[in-house]
Amino acid sequence: MNKPRKLRGCMLFLLIPILLLVAFVLYSQWMAHTPAILGEDGQPLPGSIASLEKVKLGGVDQWLILRGQDVDKPVLLFLSGGPGASEAARVLRFNNELEKHFVVVIWEQRGCGKSYPSINPKSDLTIDQYVSDVIELSEMLSARFDEQKIYLVGHSWGTIIGLLAAQERPDLYHAYAGTAQMVDVQETDQMIYELVLEHSRQTGDVDFVKTLETQGPPPYFGKSPIQPYATLFGREYQLFEAPNIQDPEYRRDGDILQLMLKQPEYGWLDRIYYLLGLMNTFNVVYPQLQEMDFRVDATRLDLPVYIVLGRHDMNNPSSIPEEYFSLLEAPKKELIFFENSGHGMIWEEASLFHHLMVETILPETYR
């Protein structure tokens, strides 16, 4: 007679913490927000915008973070690196100076961060669909803020879909800024492989030499290509990027996972989505990039183009984007090196990036 009662008691004992955890996660999702932009009086600044919004792009729900001190300022659309990642937390932490001069729009791409549920169907995770999403979002933002054109800024993977969108619809953009501009993914990754392999041989790291020789040079395919890529890119960052981070603020606060865990725009379900996107979206999208070479496919862009490279960027060695820049035809083009940073130059040297956007690109292109 007591066994059923004890069983019900055990089930209730287990159910209560599960329900509390679910309630906590749902509450964190409901509380997710982007903080208001405040004036000197501590109140929301009149005419500013600070919103977290869900929009429909390509038939699926995707999220935007919009921030600016004046809704009448030019619109800047930021495309995160990845694929499968969101760099919103770094932009919010290190690039908030741009909010004085632009309406900054950070797009959580399909299959990434808050937009992770849009990963399904995976058959839609194509380069063409991402580019279509960029163009649709650009048109949406132009109409909403009554601007004929907007600014397009991409970082790393974001430069791939950004450049393709600018190539297809130059009429939508005042200018395109490609930071850590990718050109040929396969050749770049093979350069990284040789660089890391040679360093490992010279330093006598026999175990890692064996690891690299076992997995072989890129590209990697299969069920989970992120594993060998993470092994390669992680060691590249450890050897060549991290030691060259000079900015103490970025060195202290630049870890993307720690920033993501703190950002108020994310609830706890979003944080799980972020981690899932890093794995699952990358595995679908990255293999599609192996035939890409902008030196062949995108040698003319009919808008002003600014290519920004970090001098110490070994995740995207400069020789390939420099070669691309020499081949590129555009009404106006400029190649800018940030001398004291690597792949994350727009955060490592944030003030230099802000100066470039506000003092050079804006006055040269805003019409």
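Guide: Helices here are DSSP runs of H or I with at least four residues, strands are runs of E with at least two, and both are numbered from the N terminus. This is a predicted model, in which local features need pLDDT of at least 70 and side-chain atom pairs count only at pLDDT 80 or more, while totals for chains, interfaces and linings use all residues. Residues are numbered from 1 along each chain as its sequence is written, and side-chain values use heavy atoms, with hydrogens and water left out.

Two packed helices are described by the angle between their axes and the distance between the axes. For helix 6 (residues 206-215) and helix 7 (residues 226-241), the axes come within 11 Å and cross at roughly 140°. That makes helix 6 oblique to helix 7, since angles under 35 degrees count as roughly parallel, over 145 as roughly antiparallel, 65 to 115 as roughly perpendicular and the rest as oblique. The axes themselves are lines fitted to C-alpha atoms, for helices over the stretch in contact, with angles running from 0 to 180 degrees between N-to-C directions.

On the side of helix 6, the residues F208, T211, L212 and Q215 meet P228, T231, L232 and R235 of helix 7, where contact means heavy atoms within 4.5 Å. By class, this contact of helix 6 with helix 7 has 4 nonpolar, 3 polar and 1 charged residues; Ala, Val, Leu, Ile, Met, Phe, Trp, Tyr, Cys and Pro count as nonpolar, Asp, Glu, Lys and Arg as charged, and the others, Gly among them, as polar.

Another pair can be set beside this one. The axes of helix 3 (residues 127-144) and helix 4 (residues 157-168) come within 9 Å and cross at roughly 65°, which makes helix 3 roughly perpendicular to helix 4. The crossing of helix 3 and helix 4 is right-handed. Here I127, Y130, V131, V134 and I135 in helix 3 meet W157, I161, L164, A165 and E168 in helix 4, and the residues of that contact divide into 9 nonpolar, no polar and 1 charged.

As for the setting of both pairs, the chain has 14 helices and 8 strands.

Technical notes. Left-handed = near helix turned anticlockwise from the far one by under 90°.
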